[in-house]
Amino acid sequence: MNFLIEAFKPACSISIKFSDGKTRKRVPIKRENGQTLLAPLFRNQENIAGKITIEPHQGKRIEHNGVKVELLGQIVRELDVPGDIYERTTYPFEFSMVEMPYETYNGVNVRLRYVLKVTVSRNYGGSIIEYLNFLVHNYSPPPSINTSIKMEVGIEDCLHIEFEYNKSKYHLKDVIIGKIFFFLVKIKIKNMDIEIRRRESTVTGATNHVETETLAKFELMDGAPVRGESIPVRLFLSPYELTPTHRNINNKFSVKYYLNLVLVDEEGLRYFKQQQITIYRLPLQDT
């Protein structure tokens, strides 16, 4: 039995280490199985360098057709010509000024990943492959123009509400500040909530898939308002798992955020008003 187990083990172990792995910042990322791991963080046009170590298992010789490292979707580096590996062998690698314009993203129907892939190519026994995931975050300066949002909710002769938010573009740790004004209230409103919704649009061939998630729900009012009343809004974004807005990434997907105002009357009828906002990442917002 032990002989059978040994026969199906890989002929070697492969390890990938970044040159600055001990000092580089690591941030959490969720895997497909739902588990969270800490992955090294990079940004656009950084150098990606390190060492790859291949160690044959005791008493084994690895005959191969070449060793290569790939930055998936972008670059391939040949590390070794065909030959044999008898002992622990380390290969340095470096990808300079790597173009990584898009952020890592894990969504409902789409994932944008950056992966290092090491392959020991062999004619028999199958190639030996090792992967290492890393993250990319890109930063944006505060927008030079950031207009406020003003909109109305109305039902003729029954309801007239105006809401105002202090701006339309928010960074990941920002605070949404606003007010809700009641000018006409002839229906019995039971409560009012504000929601943050994320809408993910993906394109597969000629088909467009849209998934909407409610990421946050905050109660603004419990009870019936009166004419002339105003309700303050103060919603902190930092507790929620937000990403920057993604616009038509490689013609494959988009991610947009919306503020959704929800009013519920005593009969259970719901009234909505939705407004798109932009989310961006400032430097030092890497968690």
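Modeller: Let me start with Met97, which is found in the loop between strand 9 (89–95) and strand 10; helices (H or I, at least four residues) and strands (E, at least two) are DSSP runs, numbered from the N terminus. This is a predicted model, where local features need pLDDT of at least 70, side-chain atom pairs count only at pLDDT 80 or more, and totals for chains, interfaces and linings use all residues. Residues are numbered from 1 along each chain as its sequence is written, and side-chain values use heavy atoms, with hydrogens and water left out.

Biologist: Thanks! Is Met97 buried or exposed?

Modeller: Buried means under 20% relative accessible area, exposed over 50%, and partly exposed in between (1.4 Å probe, protein chains only). Met97 has 52% relative accessibility, so Met97 counts as exposed.

Biologist: What is the phi of Met97, roughly?

Modeller: Met97 is not a glycine, and yet its phi is positive. The value is about 45 degrees.

Biologist: Which value does phi take at Gln45?

Modeller: Gln45 lies in the loop between strand 3 and strand 4. Gln45 counts as partly exposed because its relative accessibility is 37%. Gln45 is a residue other than glycine with a positive phi, near 70 degrees.

Biologist: Which residue does Glu46 meet in a salt bridge?

Modeller: A salt bridge is a side-chain nitrogen of Lys or Arg within 4 Å of a carboxyl oxygen of Asp or Glu. The side chain of Glu46 has such a contact, at 3.2 Å from N to O, and its partner is Arg24.

Biologist: How many residues apart are Glu46 and Arg24?

Modeller: Glu46 sits in the loop between strand 3 (36–42) and strand 4 (48–56), while Arg24 sits in the loop between strand 1 (12–18) and strand 2. Glu46 counts as partly exposed because its relative accessibility is 22%, and Arg24 counts as buried because its value is 15%. The pair links distant parts of the chain, 22 residues apart.

Biologist: Which residue is linked with Arg24 and Glu46 in a network of salt bridges?

Modeller: Side chains of opposite charge can pair when their charged atoms come close. Here the network of salt bridges joins Arg24 and Glu46 with Asp20.

Biologist: How far apart are the closest N and O atoms of Asp174 and Lys167?

Modeller: Asp174 and Lys167 are both buried. They form a salt bridge, and the closest N and O atoms are separated by 2.9 Å.

Biologist: Which strands hold Lys217 and Asp193?

Modeller: The side chains of Lys217 and Asp193 meet in a salt bridge, at 3.7 Å from N to O. This pair ties together parts that are 24 residues apart in sequence, because Lys217 lies in strand 19 (residues 207–222) and Asp193 in strand 18 (residues 189–204). Lys217 counts as exposed because of its 52% relative accessibility, whereas Asp193 counts as buried, at 8%. The strands asked for are strand 19 and strand 18.

Biologist: How many salt bridges does a search of the whole structure find?

Modeller: We have talked about several by now. A search of the whole structure brings the count to ten.

Biologist: Let us turn to the pocket. Which element gives the most to the lining of the largest pocket?

Modeller: The largest pocket has about 770 Å³ of space. Of its 27 lining residues, the closest to its centre are Pro28, Asn106, Glu241, Leu242 and Thr243. Two elements give two or more residues to the lining, strand 2 (26–30) and strand 10 (105–106). The one that gives the most, with four residues, is strand 2.

Biologist: How far apart in space are Leu259 and Arg198?

Modeller: Leu259 is found in strand 22 (residues 253–265). Leu259 counts as buried because its relative accessibility is 1%. Leu259 and Arg198 are 61 residues apart in sequence, and from C-alpha to C-alpha the distance in space is 9.2 Å.

Biologist: What separates the C-alpha atoms of Tyr280 and Ser19?

Modeller: Tyr280 lies in strand 23 (residues 270–280), and Tyr280 counts as buried because its relative accessibility is 10%. Tyr280 and Ser19 are 261 residues apart along the chain, and their C-alpha atoms are separated by 30 Å.

Terms used: On a 1 Å grid over the protein atoms alone, a cavity is a set of points where a 1.4 Å probe fits but cannot get out, and a pocket is an open set with protein on both sides within 12 Å along at least five of seven lines; lining residues have an atom within 4 Å of a point. Grid points are joined across faces, edges and corners, and a volume is the space filled by probe spheres set on the points.
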